[in-house]
Amino acid sequence: MADAGMLRFHVPEPEVRPGGTPDFSNVTIAEAGSVPRPDIDVDPRTIRDMAFSIIRVLNRNGEAVGPWAGLLSSEELLEGLRNMMTLRTFDARMQMAQRQGKTSFYMQHLGEEAVSCAFRKALKPGDMNFPTYRQAGLLIADGYPMVTMMNQIYSNETDPLKGRQLPIMYSSKEHGFFSISGNLATQYIQAVGWAMASAISNDSRIAAAWIGDGSTAESDFHSALVFASTYKAPVVLNVVNNQWAISTFQGIARGGSGTFAARGLGFGIPSLRVDGNDYLAVHAVAKWAAERARNNLGPTLVEYVTYRAGAHSSSDDPSAYRPKTESDAWPLGDPVMRLKNHLIKLGVWSDERHAQAEAEILDTVIAAQKEAESHGTLHAGGKPSTREMFEGVFAEMPPHLRRQRQQAGV
Amino acid sequence: MPRRTMIEAIRDAMDVSMERDSKVVVFGEDVGFFGGVFRVTHGLQAKYGKSRCFDAPINESGIVGSAIGMAAYGLKPCVEIQFADYMYPAYDQLTQEAARLRYRSNGDFTCPIVVRMPTGGGIFGGQTHSQSPEALFTHVSGLKTVVPSNPHDAKGLLIAAIEDPDPVIFLEPKRLYNGPFDGHHDRPVTPWSKHELGEVADGHYTVPLGKAAIRRAGSDVTVLAYGTMVYVAQAAAEETRIDAEIIDLRTLLPLDLDTIVASVKKTGRCVVVHEATLTSGFGAELSALVQENCFYHLEAPVARVAGWDTPYPHAQEWEYFPGPARVGRALVETLQA
C-alpha cells in the first residue's frame, strides 16, 4: 500500500451557515404511504431499512395514505390540532412573558408540536413518560391545567414545585410525566428502569423515554439501550431529531451512523424513523411501538425527524449559527398547517374555523395567564416561602438542615 | 445468639428485607447467579428468583439510573456497585438525580434506593479497589451516607437504609468483611465469630440512621472514627494507654452531632481519623464542627489522621494506610499539646 501521508482530523460541518442559502437536498424523504407497516412481532433483522427511511402518512395534497393511515377519527384529529395550536399559543405567550421579565427562562416547541401531542394519545393512563424540556405537549394533550404549568414557570406562590426548579421543568405523576431534571440523557436509563420495574411487578403499564439528537451522544443513552435490549424492557425509546443541539448541527452527535434510529440496530432493537411533523405518522408509529412494549416484545427505538424552528431557549439566538430562512426551507413543513390542511381536505375544517379556534385558544391561554399572574411572577407578587427552600431535601428534615433553617431566620 | 461475618450479616439484611417486602429488588454486576465477587448476595437469586435478584451489565450509570426509575415506579432497589472505586460513572445519577428527585418534584416522585459498595483499603487492591469516597457523598444535598463497622450494625443499618424513604449510600469497609481488622496487617485477624459485635440476631431489627455509638468510653481525648478506623483507634488507645473515648459515627449524614459534642466537651480534646485522603475529606467537616461547637472546651487543636493526599498506592499500602502507630502518635501529641 502506498504511503498514506499525514493524518487529517475530521470535524463535520453543516451544509450551510448564516449568509448561505438553506439547502436540504441531502435529506432523503420517502413518499407518504410508501413505508410498509410490519406486524408488531416482526423479526428486527428484517426491518433494518426502516431505520434509514421515513414513515409518512400525510402527502403533499393533505391526504392520509398508506398502511400507517386510518387509526384516528376526525374528532381525534381535531383534538390533536387544537392541542398543537394550544401548545403553540402557550409557547408564544410564555416566551413573551420571559421577555417581559416575568420569568427567567423559557423553551418553546415551535415546529415540534406534533411529536409530543400525538405521542401522548398512543399511551394509556398509568403509562409514564420520562421527558426532556421540549415535550410539554404530553401535558397539554393529557389535559394538565395550563395555569399550573404557568405557576411553575413563574415560580409563584402556587407553583406546585415550590419555586425549587427551573421554569418548564414540570412534574406530574398523575399525568404520566416524570420530573424533568434539566440534565441531559439521565432520564433515558431511568425510563428503562421504570419499565423494568413494571415488568418485574407483572404490571401492564409501559414507559416512554425521551431524548434529543444531540444528547444521544451521552453515555446514558448507550446505557439505556444496553439495559432495554438486555431485559427486553417495555419501553418506547424516543429520539427527537430537531436538527440542532443549541448551535451544534446533528452531524456532530450522529457521526457516521447515518441516522439516529440506526443506533438501535446494534442492540437488535426495532428502530424506526418517522416524519415528526406529521401528526398521523407520529401517532401511528408510537402506537405500534407501545403495542410492542405492552405485548412483551420489548423496546422500540423511534427517531422523529423534525426541525426546531425557534431558538433553543430564551437565552439563544439561532441567527448566529444557521441561516434565518432555514426553517422555511425545511422540507417536512409545519405540523399545524399540515394537519389543518388534512382536516380541510376531510371536509371537517376550514380557514374560518381555524381562525376562530386560534382566537378562542388565545383567549383561553390569556385567561390562564391572568389567573397564574394573580398568584405572582418571578420578581413580583406572591412567591414560595423561603422556608420551602429547606423542605423536601429528605422526607424528614435532619438536624443540620434544621439548624441552617434557623440560621436563615425562617 | 448466632454469630455472623459482616458478609453474612449484610446478606441476611437483604434476605430479611426481600422476605418482608416484595418491592425490594437486588441487582448489580455478578450479583445474581454467582452472588457477587464478595459473595454478599449469594443465594438470593436461588431463593427469590431472577426478577428479584439479577445480574446487571457492567454499567454503573445504568445500574443506578435504572434503580432510580424503579424507585420512581414504586420498587425499593438495593443495588451493588462492585467496588466504591467504580461508582464514578454513576456519580451524575446519584448526585443530580437520586439526591434531588424528591426536592425538585416536591415529593411527586421519590427515590428510595440503597447503593451498596465495598469501600476502603487494606487488601492490596491498588488505586482502583481501595478508595474511600465518602466525602463525595456527604457533600451532596439529598443523600444519606452510612458506614457500618461490624456485623450487628451492618445488618440493622442496612435494613434501616432499605426502609428509608430516601437514597442511602451504604459503604461496606471490605477489610472488615471477615473480622475487626485493627491495622496490624502482620497479625492474624480475630474472626467475627469470636467478637461480641459478630452477634447478629435472626429476623428483623434496625439500627437507626443518624445515631453514633460509643465503642470505648474514656476521659482523655475523643476519637471520631468510622468503619475500619474504629478498630485502628481502639488498638492505638490500648497501645498508648491513653484513655480515649472512641465514637463510631456509623452514619456520616445525617450526623449525630450531639454525641460528638457531648464527648468533646467532656474530654476537651479530639482526634479525627479516616482512611480517605486528608484534604477536603470528611474529617475536615468533623473538625470544623468540633471547633464551632466546642471551641471553649478545647485544650488542644483538633488533630486529623487520614490517608496521604496521593492516589492509593500498591506496594506502599501499609505506609499509606493510617494504622495504629500514626493514630497513636496523634493521640499522644494531642494530649501533650
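Helix α5 (residues 186-200) of chain A lies across β1, β2 (207-212) and β3 of chain A, and its direction is at about 170° to β2(A). Here helices (H or I, at least four residues) and strands (E, at least two) are DSSP runs numbered from the N terminus, and contact requires C-beta atoms, placed from the backbone, within 7 Å of each other. Axes are lines fitted to C-alpha atoms, for helices over the stretch in contact, with angles from 0 to 180 degrees between N-to-C directions. The model is predicted, with pLDDT of at least 70 needed for local features and 80 or more for side-chain atom pairs, whereas totals for chains, interfaces and linings use all residues. Residues are numbered from 1 along each chain as its sequence is written, while chains are lettered from A and ligands numbered from 1 in written order.

The sheet in chain A is open and holds five strands in the order β1-β2-β3-β7-β6, with parallel pairing; two strands pair if DSSP finds at least two bridges between them. At the edges stand β1 (128-130) and β6 (271-275) of chain A, each pairing on one side only. On average, neighbouring strands of this sheet are turned by 20° against each other, direction ignored. Within it, β3 (residues 235-241) and β7 (residues 300-305) of chain A are joined in the parallel sense by six bridges, and Val240(A) sits opposite Tyr304(A) in β7(A).

Turning to the interface, 36 residues from chain A and 36 residues from chain B take part in the contact. On the side of chain A that touches chain B, α5, α6 (219-231) and α13 (399-407) of chain A each supply at least two residues, and α5(A) gives the largest share, 11 residues.

Definitions and conventions: Two residues are in contact if their C-beta atoms, placed from the backbone, lie within 7 Å.
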